[in-house]
Amino acid sequence: MATVETVLGPVDEGELGFTLSHEHVLVGIDARIYPWRYDLEATRRRAVAELREAKQGGVDSVIDLTTPDLGRDVKAIAAIARDAGVHVVVATGIWRNPPHSFWAREPDEIAEIFVREIEVGIDDTAVKAGAIKVANDVEGVTEVAERILRGAARACKQTGCPISTHHWAPLEVGRRQVEIFQDEDVPMDRVCIGHSADATDVRYLEDLLNAGVYLSMDRYPGGVGGRPDWRARNETVKALIDRGWTERLMLGHDYAPAAVRAGAPAPASGERTRYLFVSEVAIPALREVGVTEEAIQTMMREVPRRFLVGSRG
Ligand SMILES: [Zn+2]
């Protein structure tokens, strides 16, 4: 049986269970640069409380796609994961704000950095990345971003570690991501195109699927900034299931508990954690429109496991 790297070390693939495809534990926090801005202990407690609640609600694992330019801190995540009892897969890669040092880096040098974090460890820890994150938004795939995509592709080919993307679906930026991965000869079943539920055009999503990739149907519940709300996301998921794509779909929220600012009052509790929206709202509604239990188990358990393990499984 294959193992999957998590922030607390390798885990048997059979233990992954119910897995959310695209989440964060701590994100967008510059506490490593400006620690005085945050109440880190309260932030940590809040993340632990929400992940525990998620675990009690049936979530066993989350794929945390936080990169260095999103404030990744694997030591903090490890402490939270240990207390919460949830498996957290962490990522190498770069989001939309590559550090200046990346502006002139060639793909092979970028691949070397990602491979190091996959095979040796992140920062000065032995925590190994279980996924490679890349991101292209409204700006499309810029020149620097293309070199990062090619670096991710080469790191994936060298290690078998899967790639999970952020993409701006309304402009169909996933097409260019797929093109570059194909050009680099990445096995397409090592690739997941993320934020795909921001699109409602099933033909576009099927074009991506026909290339052999997985789709992360995430950002539940959505509905902000004119983006599809959870009902529209469900409709797209249902349409893809009806067309036979269940084995290529995963669900998630792209959620992280908010950081607590220094001196701020403790956050009000009582509200259900967002990590459970898919379990408690989206999935029951999918059942109501006729999605089978088998299809749900496939999307929530089988597909993420296969995506993380690859041909080693
Ligand atoms: Zn995200």
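Helices (H or I, at least four residues) and strands (E, at least two) in these legends are DSSP runs, numbered from the N terminus. The model is predicted: local features need pLDDT of at least 70, side-chain atom pairs count only at pLDDT 80 or more, and totals for chains, interfaces and linings use all residues. Residues are numbered from 1 along each chain as its sequence is written, and side-chain values use heavy atoms, with hydrogens and water left out.

View 1. Let's start with the backbone. Most residues other than glycine have a negative phi, and most peptide bonds are trans. Asp123, which is not a glycine, has a positive phi near 55°, and its place is the loop between α3 (107-119) and β7 (131-136). With a relative accessible area of 30%, Asp123 is partly exposed (buried means under 20% relative accessible area, exposed over 50%, partly exposed in between, using a 1.4 Å probe and protein chains only). Asp254 likewise is not a glycine and has a positive phi of about 55°. Look for Asp254 in the loop between β11 (249-251) and α8, where its relative accessibility of 23% makes it partly exposed.

View 2. Tyr220 and Pro221 are joined by a cis peptide bond, with omega about 0°. Pro221 belongs to the loop between β10 and α7.

View 3. Thr67 sits in the loop between β4 (61-64) and α2 (74-84). Is Thr67 buried or exposed? Its relative accessibility is 0%, so Thr67 counts as buried. A polar atom of the Thr67 side chain lies 3.4 Å from the backbone nitrogen of Trp95. For reference, a polar contact is a pair of N or O atoms within 3.5 Å; within protein, one must be able to donate a hydrogen and the other to accept it, and residues adjacent in sequence count only if both atoms are side-chain atoms. Leaving out residues up to four places away in sequence, Thr67 touches Arg72, Thr92, Gly93, Ile94, Trp95 and Lys133 (contact means heavy atoms within 4.5 Å). Trp95 has Arg96 over the face of its ring, 5.6 Å from the ring centre. A charge sits over a ring if NZ of Lys or CZ of Arg is within 6 Å of the ring centre and within 35 degrees of the ring normal. Arg105 is placed over the face of Phe102, at 5.0 Å from the ring centre.

**View 4. Aromatic pairs linking separate elements.** How many aromatic pairs does a search of the whole structure find? The search finds 5. The rings of Tyr214 and Phe307 have centres 5.6 Å apart and planes at 80°, so this pair is edge-to-face. Rings of Phe, Tyr and Trp (its six-membered ring) pair if their centres lie within 6.5 Å; planes under 30 degrees apart count as stacked, over 60 as edge-to-face and the rest as tilted. Tyr214 lies in strand β10 (residues 214-217) and Phe307 in helix α9, so the pair ties together parts 93 residues apart in sequence. Tyr214 and Phe307 are both buried. Trp230 and Phe277 make another edge-to-face pair, at 5.9 Å centre to centre and 70° between the planes. Trp230 is in helix α7 (residues 230-242) and Phe277 in helix α8 (residues 277-288), so this pair ties together parts 47 residues apart in sequence. Both Trp230 and Phe277 are buried.

**View 5. Helix α8 and its packing.** The 12 residues of α8 reach 16 Å from first C-alpha to last, close to the 16 Å expected at 1.5 Å a residue (the expected span is 1.5 Å times one less than the number of residues). Buried residues of α8 include Phe277, Ala282 and Leu286. The helix's buried residues pack against α7, β11 and α9. Gly290, which follows α8, has a positive phi near 100°.

**View 6. The kinked helix α9.** Helix α9 (residues 293-309) bends by about 40° in a kink centred on Met299; the bend at a residue is the angle between axes fitted to the seven residues ending there and the seven starting there. Met299 is among the buried residues of α9, as are Ile296, Val303 and Phe307. Just after α9 comes Gly310, with a positive phi of about 65°.
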